[in-house]
Structure formats: C-alpha cells, structure tokens
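Please read them with the structure open.

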Amino acid sequence: MKIVMVAAIGENNVIGNRGALPWHLSSDLQHFRGLTLNRPIVMGRKTFESIGRALDQRTTIVVTRALHRTAPGVVLAMSIDAALATARADAEKRKVDEIMVIGGGDIFAALMPRADRLEITHVHALPEGDAYFPDIDPQTWREVSRREHPAGPKDTSAFAVATYVRR
Ligand SMILES: NC(=O)c1ccc[n+]([C@@H]2O[C@H](COP(=O)([O-])OP(=O)(O)OC[C@H]3O[C@@H](n4cnc5c(N)ncnc54)[C@H](OP(=O)(O)O)[C@@H]3O)[C@@H](O)[C@H]2O)c1
C-alpha cells in the first residue's frame with residue numbers, strides 16, 4: 001500500500017492562510033480530482049472544515065482528537081495510525097493500492113517520513129500564510145516528472161505539476 005501526499009504549495013512552501021487556500025486554481029482542482037477519485041483520502045480536521053463536506057466517489061477520513069465533530073459520509077479517526085488503518089482497509093475494498101493524504105500542514109508534517117510519493121502542484125506565487133508543506137529534500141526525493149501550466153481563465157497563478165518518489 002502506497003502513501004501518496006497531494007498538495008499545492010507556493011514558492012515559500014505556504015499551503016494555507018486562515019483556514020483557506022491562498023489562491024484560486026480551478027485547473028488544479030480538476031487535477032486533484034483525477035488523482036484522488038476512487039481512493040481513500042486522509043485529511044486533518046481543519047482541512048475538512050475548510051472543504052465542508054465529504055468528497056464524492058472517495059472515502060473521506062478525518063483525523064481529529066475530538067470525537068464530537070462529524071458529518072454525513074465522513075469517517076473519523078482519533079489518530080494518524082487509526083486513519084491509515086481505516087484507509088488501508090478501504091483501499092483494499094476498492095482494489096486500489098494508494099492512500100491519498102491531502103493535508104493540511106499538521107498531517108503533511110506527520111506523514112512526510114512515511115510517504116512513498118508526492119504529487120505536488122508548485123504554485124508560482126509567494127502568498128502570505130500560516131500553514132506550510134515540509135521541505136522536499138532532494139537527498140530523499142527524486143523528481144520524476146514536471147509539467148508547467150500557464151494560468152487558465154479561472155486561475156490566479158501559473159503553476160507546475162510535479163511527481164516525486166522516495167529515493
Ligand atoms: N494547498 C494545499 O494543498 C492544502 C491542502 C490541505 C489544506 N490546506 C490548507 O491548510 C490549512 C489547514 O492545515 P492545518 O495544519 O492548519 O490543519 P490540518 O492539518 O488540516 O488539521 C489539523 C487538525 O487535525 C487533527 N490532528 C492533527 N494531528 C493529529 C493527530 N496526530 N491525531 C489526531 N488528530 C490530529 C487535529 O484536529 P482537532 O483539533 O479536531 O483535534 C488538528 O487540529 C488550511 O488553510 C487549508 O486550506 C492546503
């Protein structure tokens with residue numbers, strides 16, 4: 001089972017500001033959907049609150065230490081290991097071999113040492129923010145693909161989509 005982290009990050013590693021994304025990238029949302037469809041997705045409670053609902057055709061697993069928060073279609077997990085165990089069982093049921101970790105900063109930091117692959121949208125911007133992606137150390141991670149995208153009509157920035165695998 002592979003742990004895959006999916007993130008959009010600014011050139012300063014910012015991923016979020018005050019509970020929201022610091023950019024609007026319609027093209028990247030399509031890319032995110034393609035990567036995560038028919039897979040279990042693991043996210044922190046704050047990221048879940050910023051999305052506000054379970055995502056369709058995916059199993060939404062939310063890590064929280066507070067059991068009282070719930071929403072239709074969401075599976076709560078009280079620890080990261082519990083989230084991964086639930087995700088693993090769900091992936092097997094769906095006959096896929098990937099668990100998608102979609103943020104935010106706390107969850108990316110906790111799972112960076114255990115991730116197998118990173119699917120990164122490098123946003124060509126330097127936004128203000130309060131949530132960050134960990135450094136992608138080239139000693140640990142090998143970039144295997146990168147494609148540049150100009151800003152589309154509904155995008156606030158140009159961006160590049162890159163895949164990294166653990167060396
Ligand atoms: N650009 C991107 O790709 C991207 C992706 C995702 C999110 N974001 C942004 O990132 C920001 C949110 O990130 P964040 O770091 O503030 O929060 P987060 O990682 O989404 O959620 C943090 C919460 O997760 C729970 N949690 C964390 N570690 C846990 C553990 N070991 N065991 C149990 N529960 C645990 C806690 O929930 P409780 O407080 O309920 O206990 C904690 O408050 C937002 O601005 C969002 O828009 C950006």
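This is a predicted model: local features need pLDDT of at least 70, side-chain atom pairs count only at pLDDT 80 or more; totals for chains, interfaces and linings use all residues.

1. The ligand has 29 residues around it, and the closest are Ala8, Arg45, Thr47, Thr64 and Arg65. By type, the shell divides into 13 nonpolar, eleven polar and five charged residues.

2. Threonine 47 uses its side chain, where an N or O atom is 2.6 Å from an oxygen atom of the ligand. Glycine 105 has a polar backbone atom 3.0 Å from an oxygen atom of the ligand. The ligand taken alone exposes 930 Å², and the protein buries 86% of that. Strand 1, strand 2 (14-16), helix 2 and helix 4 (105-111) are the elements that give two or more residues to the shell.

3. Salt bridges are the next topic. The whole structure contains nine of them. One joins the side chains of aspartate 56 and arginine 33, with an N to O distance of 2.8 Å. This pair links distant parts of the chain, 23 residues apart: aspartate 56 is in the loop between helix 2 (45-51) and strand 4 (59-63), and arginine 33 is in helix 1 (residues 26-36).

4. Aspartate 56 also forms a salt bridge with arginine 58, in which the closest N and O atoms are 2.7 Å apart. Arginine 58 has a relative accessible area of 8%, so it counts as buried, the cut-off being under 20%.

5. A further salt bridge joins glutamate 119 to arginine 117, and its closest N and O atoms are 2.9 Å apart. Both glutamate 119 and arginine 117 are buried. They belong to a network of salt bridges that links Arg39, Glu98, Arg117 and Glu119.

6. Glutamate 119 has another partner to check. Its side chain is joined to that of threonine 163 by a polar contact of 2.8 Å. Threonine 163 lies in strand 10 (residues 159-166). Its relative accessible area is 13%, so threonine 163 counts as buried, again under the 20% cut-off.

7. How many of the residues of strand 7 (residues 117-123) are buried? The count is seven of its seven residues. From strand 7, Arg117, Glu119, Thr121 and Val123 point one way, while Leu118, Ile120 and His122 point the other way.

8. Strand 7 pairs with strand 1 in the parallel sense, over six bridges. Within that pairing, valine 6 stands opposite glutamate 119. Strand 7 and strand 10 run antiparallel and are joined by seven bridges. Here valine 123 stands opposite phenylalanine 159 of strand 10.

9. Strand 6 (residues 98-101) is covered on both faces: Glu98 and Met100 on one side, Ile99 and Val101 on the other, are all buried. Strand 1 (residues 2-9) pairs with strand 6 in the parallel sense over four bridges, and lysine 2 has glutamate 98 as its bridge partner in strand 6. Glutamate 98 is also one of the residues in the salt-bridge network of point 6.

10. Strand 3 (residues 40-44) runs parallel to strand 6, and two bridges join them. The bridge partner of isoleucine 41 in strand 6 is methionine 100. Methionine 43 is also found in strand 3. Its relative accessibility is 0%, so methionine 43 counts as buried. The C-alpha atoms of methionine 43 and isoleucine 102 are 5.5 Å apart in space, although the two residues are 59 residues apart in sequence.

Methods. Residues are numbered from 1 along each chain as its sequence is written. Side-chain values use heavy atoms; hydrogens and water are left out. A salt bridge is a side-chain nitrogen of Lys or Arg within 4 Å of a carboxyl oxygen of Asp or Glu. Buried means under 20% relative accessible area, exposed over 50%, partly exposed in between (1.4 Å probe, protein chains only). Two strands pair if DSSP finds at least two bridges between them. A residue is near a molecule or strand if one of its heavy atoms lies within 4 Å of it. A polar contact is a pair of N or O atoms within 3.5 Å; within protein, one must be able to donate a hydrogen and the other to accept it, and residues adjacent in sequence count only if both atoms are side-chain atoms. Accessible areas come from the Shrake-Rupley method with a 1.4 Å probe; for residues, only the protein chains shown count as cover. Ala, Val, Leu, Ile, Met, Phe, Trp, Tyr, Cys and Pro count as nonpolar, Asp, Glu, Lys and Arg as charged, and the others, Gly among them, as polar.
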